[in-house]
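Subject: Structure handover

Hi,

Here is the structure for you to look through. Please open it alongside this email.

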Amino acid sequence: PKPHLTFEMKQWVHLHGRVIDEVGRPLGNQQVSFAGRFSPNADRAQRHDGEITTDADGRFIMPLHYRAQYAISAQMPGFAPATVRVRNFDPTVTRIDLDDLVLRRPASITGKVLGRTYNRRLPDTIQVDLLTEGDYRTTPAVKIQRISIRPNGEFTVGNLGPGIYGLTLLAARDDSSKTDA
């Protein structure tokens with residue numbers, strides 16, 4: 001009998017990028033993570049996660065599967081994380097040049113919920129979603145955090161990078177309301 005050989009060809013895209021701070025200085029020796037799903041066939045998707053370290057000039061190259069969607073994220077203590085979504089379904093593309101991932105000092109959103117009565121047993125919360133760092137009409141939201149509302153109705157959401165955020169009041173009762181900030 002003839003030997004049976006089984007092999008799988010993987011097509012990879014090399015993603016080239018750089019991590020800098022808000023004034024344009026390259027950030028060397030920083031972790032850049034990637035989390036994604038790729039579909040080697042139509043039946044199932046597989047996870048492909050990991051992280052790499054930038055070189056002294058803040059540059060990195062990471063191999064990503066071509067039939068995939070990824071979240072690429074850089075973070076550093078004292079800075080808000082920078083995250084971008086990448087998707088590629090074109091097998092002829094072998095290189096993607098990513099815009100710089102810019103780490104910025106974090107910002108915060110403060111506010112007050114009016115017209116609600118505080119309930120210590122069932123306090124209201126606010127869910128914070130990053131709607132986009134690009135086109136908010138086509139990019140799905142990313143759940144960032146959930147915060148509690150103080151008894152006086154005030155809240156503060158901290159450690160936010162640039163982007164469009166959606167704040168959703170998650171009432172302890174059955175009603176809820178949503179606003180963009």
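Below is what turned up among the side chains.

One point before the details: this is a predicted model.

**Salt bridges**

The structure contains five salt bridges. Here are some of them.

Arg-47 and Asp-49 pair through their side chains, with N to O at 3.0 Å. Arg-47 is partly exposed, at 48% relative accessible area. Asp-49 is partly exposed too, at 42%.

Arg-95 and Asp-97 form another salt bridge. Their closest N and O atoms are 2.8 Å apart. Asp-97 has a relative accessibility of 54%, so this residue counts as exposed. The cut-off for that class is over 50%. Arg-95 is partly exposed, with a relative accessible area of 48%.

Arg-150 and Glu-154 also meet in a salt bridge, N to O at 4.0 Å. The cut-off is within 4 Å. Arg-150 is partly exposed at 38%. Glu-154 is partly exposed as well, with a relative accessible area of 30%.

**Aromatic pair**

How many aromatic pairs does a search of the whole structure find? The answer is one. The partners are Phe-34 and Tyr-70, whose ring centres lie 6.2 Å apart. Their planes stand at 70°, so the pair is edge-to-face. The angle cut-off for that label is over 60 degrees.

Buried here means under 20%.

**A charge over a ring**

Phe-79 has a charged neighbour. Arg-105 lies over the face of the Phe-79 ring. The distance to the ring centre is 4.2 Å.

**Where to look**

Move on to Asp-97 and its salt-bridge partner Arg-95. Then take Glu-154 with Arg-150, also joined by a salt bridge. Finish at Phe-79, with Arg-105 over the face of the ring.

Best wishes

Key:
Residues are numbered from 1 along each chain as its sequence is written. This is a predicted model: local features need pLDDT of at least 70, side-chain atom pairs count only at pLDDT 80 or more; totals for chains, interfaces and linings use all residues. Side-chain values use heavy atoms; hydrogens and water are left out. Buried means under 20% relative accessible area, exposed over 50%, partly exposed in between (1.4 Å probe, protein chains only). Rings of Phe, Tyr and Trp (its six-membered ring) pair if their centres lie within 6.5 Å; planes under 30 degrees apart count as stacked, over 60 as edge-to-face and the rest as tilted. A charge sits over a ring if NZ of Lys or CZ of Arg is within 6 Å of the ring centre and within 35 degrees of the ring normal.
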